[in-house]
Structures are given as structure tokens and as C-alpha cells.
Amino acid sequence: MPESSPKTLFIASDHGGYSLKEFLKENLTAGFATIDLGTASEASVDYPRFAHALADRVAADPDTRGILICGTGIGMSITANRHRNIRAALVHDNFTAQMAKEHNNANILVLGGRVLEPSVALELVKIWLNARFEGGRHQQRLDLIDKCSEQQGRNVAAPLSQVDPEISRLIMQETEREESKLIMIASENCVSQAVLDAQGSVLTNKYAEGYPGKRYYGGCQFVDQAEQLAIDRALALFGADHANVQPLSGSGANMAVYLSVLQPGDKILGMNLAHGGHLTHGATVSFSGQLYRSTFYGVDRKTERLDYDVIEDIALRERPRMIVAGASSYSRTLDFPRFRAIADKVGALLMVDIAHIAGLVVSEAHPSPVPYADFVTTTTHKTLRGPRGGMILCRREFAKKINQTIFPGIQGGPLMHIIAAKAVAFKEAMSEEFKNVQKQTVLNAAYLADRLQEKGLRIVSGGTDNHLFLIDLTNLPVNGKRAEEALDNAGITANKNGIPFDPRNPADPSGIRIGTPIASTRGMRETEMKIVADCIAAVLQNPEDETVSKQVRSTIRELCTQFPVYSHLL
């Protein structure tokens with residue numbers, strides 16, 4: 001490989017260059033990796049987004065090169081050259097291809113798909129790749145180009161790849177990971193481009209302590225409207241009396257509820273963390289277990305399901321001030337009317353944490369707790385498919401206290417860009433597309449669990465009613481930590497997780513948690529879940545077999561290619 005050849009060659013086109021791009025991919029043979037950044041067909045697309053995506057990648061790493069192709073090449077070259085450290089050369093014959101490298105050190109070659117014969121274009125690429133930059137007086141001229149850019153002073157519009165290429169590279173790598181691997185972590189999802197746009201908007205500049213119409217800062221007329229939209233949409237989605245959309249996380253939302261109505265030392269009754277509960281439901285390592293006296297209920301040892309008669313007995317014995325319902329790794333439908341009846345019987349408040357199932361609730365794929373609970377808390381990501389954050393819903397009588405506890409109680413200025421992104425996600429959650437995806441998420445999880453059981457794996461509680469389930473690894477040749485590593489090596493990202501009555505340490509438990517939100521968001525259905533189940537079973541039953549891992553990795557990559565998420569960002 002010539003000294004000047006890249007380690008990685010990125011290639012991208014619009015519809016006018018698609019045919020030539022495919023030809024070059026098939027006929028380029030060299031000692032470097034070729035990565036296709038789109039487009040994926042001859043359907044009409046806007047060329048600038050492909051030019052920007054490729055230029056970002058090349059600008060972030062000096063060891064890479066790129067090829068851009070549109071109908072004439074003109075639009076691609078103009079767009080790419082808006083990027084700092086990019087020298088995109090539009091060439092049409094052997095001489096211009098040679099000079100593009102020797103005199104201009106072009107790191108992107110631009111071709112016209114409708115003006116070049118494929119064989120000619122291939123020859124131009126080879127000439128450019130094999131040519132060497134001469135330096136000398138040519139370097140001085142390139143320096144003058146950069147000097148002109150530097151004299152413009154601070155450029156707030158400079159892309160991330162110019163300002164911080166290290167972070168830009170990491171974001172690109174994460175994007176590629178999310179595209180090429182099948183992520184089955186139950187608490188993760190893929191937000192839309194609209195949510196990303198709102199979250200990365202100029203609203204991040206605005207301080208807005210207080211609430212709409214009652215701010216401590218001026219200039220809040222537009223963020224007031226954004227927050228009110230988020231509130232109104234949350235109320236419409238869940239049918240609640242009051243919504244506070246400012247919590248920074250689900251944990252912060254839970255803390256605010258506790259602080260609003262409990263005193264330190266009051267007793268709370270929540271689900272045992274080891275049986276599927278959450279840290280903030282009273283675990284001793286959490287503030288919830290340190291500020292309050294915690295008592296717990298769990299699942300039945302035989303059925304691995306909640307026994308509400310037992311929960312009632314515990315409540316009658318312990319007399320908690322608050323009962324907390326909700327879980328992070330419980331796969332069965334929660335009986336909210338029964339929790340309400342138990343709370344009423346002992347004079348307790350009822351808080352329901354639906355962080356995991358909020359998207360299912362608004363889509364009627366899981367019953368709603370709102371008619372029964374005094375407080376409902378949730379994250380706005382997970383199945384709700386919004387930005388990372390929290391929210392509190394409550395009865396009207398608690399609204400003022402909740403608002404005061406969030407601000408000025410435990411938070412200062414709210415994150416207005418995140419609140420705007422929440423509003424976008426709530427609007428999306430009203431759509432039929434969203435509801436259909438949530439219902440498919442439940443169907444996919446049930447099918448996947450059943451298929452794994454057919455393959456000989458034991459599923460905790462025998463199946464699932466929601467978006468997740470636990471695989472008991474006790475009778476398999478692998479524990480939780482190694483199972484997580486083996487699956488990830490094979491292209492499937494999941495997380496180790498304790499199972500009820502787990503004898504092993506939480507750092508290396510006896511289970512693995514599987515969730516279907518991202519697979520469903522990508523558009524996968526039962527047909528794909530059959531493939532996924534076979535892959536998961538093969539890895540867990542043969543965790544040290546690299547041949548199996550390689551086969552599964554290839555299968556999963558091909559599957560992910562068929563169901564892209566953010567390919568336009570690569």
C-alpha cells in the first residue's frame with residue numbers, strides 16, 4: 001500500500017451517484033477498509049447531508065480519505081469544502097486526479113456519476129489513491145487557506161469535527177455501534193431526529209428558573225411556550241391532573257415525591273431491588289433507604305410473580321406512610337387497583353414508578369396507574385422514546401407541593417432544551433406509529449421469550465407481559481458478567497442482572513436482562529425475533545466458541561443493516 005494511502009476510505013453518494021458508488025465498492029481492491037455512508041438506493045435524496053456526514057468523518061481523522069459522488073459532483077464538492085481541514089477536489093480526467101493529490105493534498109475525491117464512465121472513474125480513484133503530496137511550495141499555499149479561515153475569528157457555526165475532533169470521532173463511533181449492533185438493553189431506546197434536533201438547539205442557552213409565566217429571568221416568552229406544550233401534551237397522554245416536566249431524571253422525580261409528603265424516618269414499602277425493584281424504592285445504598293425506613297415486598301419463590309395477598313400482609317404489619325409500586329426488571333403486569341386497595345387499607349400514599357413502561361401505558365399495551373395513584377413518576381426515555389429526563393404526574397391536591405419541591409427545593413434552572421425535546425417526544429407518542437411500535441415491543445418480547453424457552457433456556461416467571469424478561473443462566477456454562485461480554489462480542493448488547501433469590505454477587509449475577517424497545521423501534525417483528533432468539537441461545541450455550549460468535553456477529557450485522565436507525569448520521 002502506498003505511503004499516502006488511507007487506513008479507511010469513506011464513500012457516499014446521492015441518488016445520482018448511487019450506481020457509480022456501488023460499482024466502485026465492488027471493484028476497489030486495496031489494503032484499507034471501505035465504509036459506505038449511503039445513500040442506499042436510487043430514490044431521491046438531498047446530497048448535502050451525505051457530503052456533511054462524510055466530511056465530518058474525514059475531518060475527524062487524518063488517516064482517512066473520502067469519495068463523494070453526485071450527478072455532476074459540483075454540489076458535493078461545494079458542500080464538503082465548507083468544512084475546515086477538508087480539501088475536496090472535483091476531478092474529471094487523469095491529470096486533475098493526479099494534481100488533486102500532488103499539489104492540493106485533497107483528502108476527498110469528488111466524482112460526477114452522470115458524466116463519467118464507471119471504468120474511467122475507477123481509474124481516477126486509483127490515480128488519486130496512489131499519488132503522493134509533494135509538499136514544499138504547495139504546503140505553503142495550503143497554509144494560506146487555513147490562515148484565511150483562522151483570521152475570521154471565533155466561528156460559532158464551526159462543526160464539532162473542527163472544534164473537537166476527538167469528541168466528534170467518539171460520537172461517530174457510538175453512532176456506528178448503535179447501527180451495527182442489536183441493542184437489547186431494556187432501559188434504552190432510539191430517539192427520533194426531531195428529538196435530537198430539539199435537544200441540541202439554542203434553548204440550551206436559556207436560564208429559566210421558575211415555571212411558565214412565573215420566571216426569575218427575563219426573555220422566557222418562548223421557553224414558557226415550549227414548557228407549557230410539554231405539560232399540556234403530558235396531561236393529554238396520561239390523563240393526569242398535574243404534570244411537572246422539569247425533573248432531570250427518574251431518580252430526581254422520585255426524590256421530589258418523597259420530599260414533598262414524607263418526613264425523614266417515615267416508612268416506605270417498595271419492591272426488593274434483588275427481585276426487580278429500583279434503587280430509589282428504598283435500597284440502603286440509595287438516598288431513599290438512607291432518609292427513610294425501608295421495608296420490602298418481593299416475588300413468590302415458586303411463581304416468581306408478585307403475590308398481592310402477601311404484599312397486603314406486609315403492609316398491614318409495617319404500616320408504611322407510602323407504598324411504592326413499579327420495577328426495573330419485573331416482566332409481569334402490575335395490578336394497580338390492588339395496590340390502591342392495599343394503600344387505602346393501611347392509610348398509605350401510593351406512588352407508582354412507570355419509568356420502564358410509560359410508553360406501553362400511553363399506548364394501552366399496559367394498564368395505566370394514573371386513576372389509582374397519588375403520584376406517578378417516570379423517565380422520559382426508555383419506552384417513552386424521548387430525551388433522558390424525568391417527569392412527575394400527581395393529583396391536583398399535591399401539585400403546588402411538587403412544584404415547590406422541584407424548584408426551588410432540589411433543582412435550579414431547568415434544562416429547557418431537554419424540556420423542548422420532551423414536548424417533541426410526547427407529540428410523537430400521540431401518533432399511531434408510536435402506539436403500534438409499543439404494542440409490537442410487547443409482542444416481540446413475548447415471542448422472543450417463548451422461542452428461547454423452546455431452545456432450552458429458562459425465563460424467569462415463565463415469560464413476559466411487557467418489554468423485558470430475565471434469562472436464568474444457572475444451568476448454562478456462563479454467568480451474568482461473561483454472558484454480557486459474550487453477547488456483546490457477538491453483536492448483541494444486553495446487561496447482566498440478578499434474578500430473584502440469586503445466590504451470586506450482583507457484580508456477577510445469575511441472569512441477563514433482555515429488552516425489545518430498540519429492536520421494535522428499528523422495525524423488527526416476530527420473524528426477526530426468531531433469528532435473534534436463535535443467536536442469543538447459540539451464544540449463551542457456547543460462550544467460548546469463537547466460531548459461533550463469528551457466525552452470530554455476521555447474522556446480527558446483516559439484520560441491523562436491514563433495519564437502520566441513524567445511517568444518515570454516519
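Select T493 to begin: at 9% relative accessibility it counts as buried, where buried means under 20% relative accessible area, exposed over 50% and partly exposed in between (1.4 Å probe, protein chains only). You are looking at a predicted model, in which local features need pLDDT of at least 70, side-chain atom pairs count only at pLDDT 80 or more, and totals for chains, interfaces and linings use all residues. Residues are numbered from 1 along each chain as its sequence is written, and side-chain values use heavy atoms, with hydrogens and water left out.

T493 belongs to strand β18 (residues 492-493); helices (H or I, at least four residues) and strands (E, at least two) are DSSP runs, numbered from the N terminus. Now show what surrounds T493. Leaving out residues up to four places away in sequence, T493 touches R177, K181, L182, I183, M184, I185 and D488, contact being heavy atoms within 4.5 Å.

**The nonpolar cores**

Next, select F238, Y297, L306, I323 and F339. Of the 52 residues in the largest nonpolar core, these touch the most other members. A nonpolar core is a set of buried Ala, Val, Leu, Ile, Met, Phe, Trp, Tyr and Cys residues joined through side-chain atoms within 4.5 Å. Helix α10 (residues 221-238) gives this core its largest share, six residues. Zoom in on I323: beyond its neighbours within four places in sequence, I323 is in contact with L269, A315, F339, I342, A343, V346, A348, L349, L350 and M351. Another core, of 36 residues, lies apart from the largest one, and L182, M184, I536 and V539 are among its members.

**The cavities**

How many cavities of 30 Å³ or more does the structure hold? There are three. On a 1 Å grid over the protein atoms alone, a cavity is a set of points where a 1.4 Å probe fits but cannot get out, and lining residues have an atom within 4 Å of a point. Grid points are joined across faces, edges and corners, and a volume is the space filled by probe spheres set on the points.

Select A327, Y330, L334, I357 and N466; among the 13 residues that line the largest cavity, these are the closest to its centre. That cavity holds about 90 Å³ of space. Its lining divides into six nonpolar, five polar and two charged residues, with Ala, Val, Leu, Ile, Met, Phe, Trp, Tyr, Cys and Pro counted as nonpolar, Asp, Glu, Lys and Arg as charged, and the others, Gly among them, as polar.

The second largest cavity has a volume of about 70 Å³. To find it, select some of its lining, including H275, E304, Y330, F469 and P500. Seven nonpolar, four polar and one charged residue make up this lining.

**The cysteines**

Which cysteine sulfur is closest to that of C190? It is the one in C560, 10.0 Å away, too far for a bond. The sulfur of C535 also has C560 as its closest cysteine partner, at 10 Å, again too far for a bond. C190 is buried at 5% relative accessibility, and C535 is buried at 6%. With a disulfide defined as a pair of cysteine sulfur atoms within 2.5 Å, the count comes to zero.

**Two last stops**

Select D309 in helix α13 (residues 308-318); D309 is partly exposed, at 49% relative accessible area. Draw a C-alpha to C-alpha line from D309 to L122: they are 187 residues apart in sequence and 74 Å apart in space.

Finish at A446 in helix α18 (residues 432-454), partly exposed at 25%. A446 and M529 are 83 residues apart in sequence, and their C-alpha atoms are 9.7 Å apart in space.

Conventions. 1 Å grid on protein atoms, 1.4 Å probe; cavity = no way out; pocket = protein on both sides within 12 Å on 5 of 7 lines; lining within 4 Å.
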